[in-house]
Amino acid sequence: MPVSEIKVGHIYDVQELRKTTISRIPERFIRDSTERPDFDKAIASTNNNIPVVDFSKLCKGNRDELCGELLKIKYSCEEWGFFQVINHEVNLELLEKIEKVAMEFFLMPLEEKQKYPMIPGTVQGYGQAFVFSENQKLDWCNMFALGLEPQHLRNPKLWPTKPSNFSETAEIYSREIRELCKNLLKYIAMTLGCKDDVFEKMFGVAVQAIRMNYYPACPRPDLVLGLSPHSDGSALTVLQQGKDSSVGLQILRNNVWVPVHPIPNALVINIGDTIEVLTNGRYKSVEHRAVTHKEKDRLSIVTFYAPSYEIEVEPLQELVDDKNPCKYRRYNHGDYSKHYVTNKLQGKKTLEFAKINYV
Ligand SMILES: O=C(O)CCC(=O)C(=O)O
Ligand SMILES: [Fe+2]
């Protein structure tokens, strides 16, 4: 069935919902008891922090510092699928600017934002993505997402005219994040004992998309999710948490949801499905979700960095041997992206697309 014919039911705009004096959260947001955030458990694991990598030691450090940070990246990718990066060289004023334009966008009247509606079956525009049925639970989140390929950049209808510096800021921001991703992929390749340009050479003109997630405060954070559990379909994801945001991102580790505590000016990096496949599962794309807060709203600005759509993806030959048999089949990255955006967010289910099931 074409995605446009699928009935998705009424999709509430959570910011509008917040403005009304609702006494009950609509049923469509209320999760089954097994899915609800267990704040007590999450708080109990506050000492369990994701590793922090110092980017300046990678690019400007002495040999020992470089080796130390590379080991941290290796450990993070194997054990966490996540790390935070400090001293990343992305202009701090730019981080502030992108946050400012994103907030200005979300705080505009609904009619203004609805000029850029989420296009069904894509993750492009304003609203809720990944909703494919009438009985699917909704996330307590408003998203605004943009592809940054030439056909998107050239289409002025996709770009908000307000705030007036939105597109300019997003473009500069994406360029800086692209540099960071290229560098991180180089270091990640080194930690695998591969040539440092292995990913860059393979990816072609990398595809990049930006998604801004705004989670208004929620009167019952114990009943809803800000964003359903998922892994990212990208190669790498760079996540900026808004200044003064509440803690919201949680990652699944040993079956416990571990909160990621924001570090001022740091960026959160995570491994996406593509790197999991390319490394034959050695580096993991880890399931994560967002929860909401009773009084505070939260903004996250997320960049997805992935190979060009024409690229065929399969585990790197040097990471496949008798002890590590090939776990994923070869597939076209464009097909995978399509599969990803036309299915609901459901843990790591999308990656089954590529899994080889030995019997
Ligand atoms: O807002 C967050 O912290 C999580 C966002 C996220 O995982 C995503 O946009 O893919
Ligand atoms: Fe994500």
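The shell around ligand 1 holds five nonpolar, four polar and two charged residues. Here Ala, Val, Leu, Ile, Met, Phe, Trp, Tyr, Cys and Pro count as nonpolar, Asp, Glu, Lys and Arg as charged, and the others, Gly among them, as polar. The model is predicted: local features need pLDDT of at least 70, side-chain atom pairs count only at pLDDT 80 or more, and totals for chains, interfaces and linings use all residues. Residues are numbered from 1 along each chain as its sequence is written, while chains are lettered from A and ligands numbered from 1 in the order in which they are written.

Members of the shell (C-beta atom, placed from the backbone, within 6 Å of the ligand) include Arg211, Asp232, His288 and Leu249. Strand 5 (207–215), strand 11 (288–290) and strand 12 (298–306) each give two or more residues to the shell. Strands (E, at least two residues) and helices (H or I, at least four) are DSSP runs, numbered from the N terminus.

Strand 8 (residues 249–253) pairs with two strands, where pairing takes at least two DSSP bridges.

| Partner of strand 8 | Bridges | Direction | One bridge pair |
|---|---|---|---|
| Strand 11 | Three | antiparallel | Leu249 and Ala290 |
| Strand 9 (residues 256–259) | Four | antiparallel | Leu252 and Trp257 |

Strands 8 and 9 form a hairpin with two residues between them. In the turn, Asn254 has a positive phi of about 45 degrees.

What does Leu236 contact, leaving aside neighbours within four places in sequence? Its contacts (C-beta atoms, placed from the backbone, within 7 Å) include Cys181, Ile269 and Tyr305.

Methods:
Contact = placed C-beta atoms within 7 Å.
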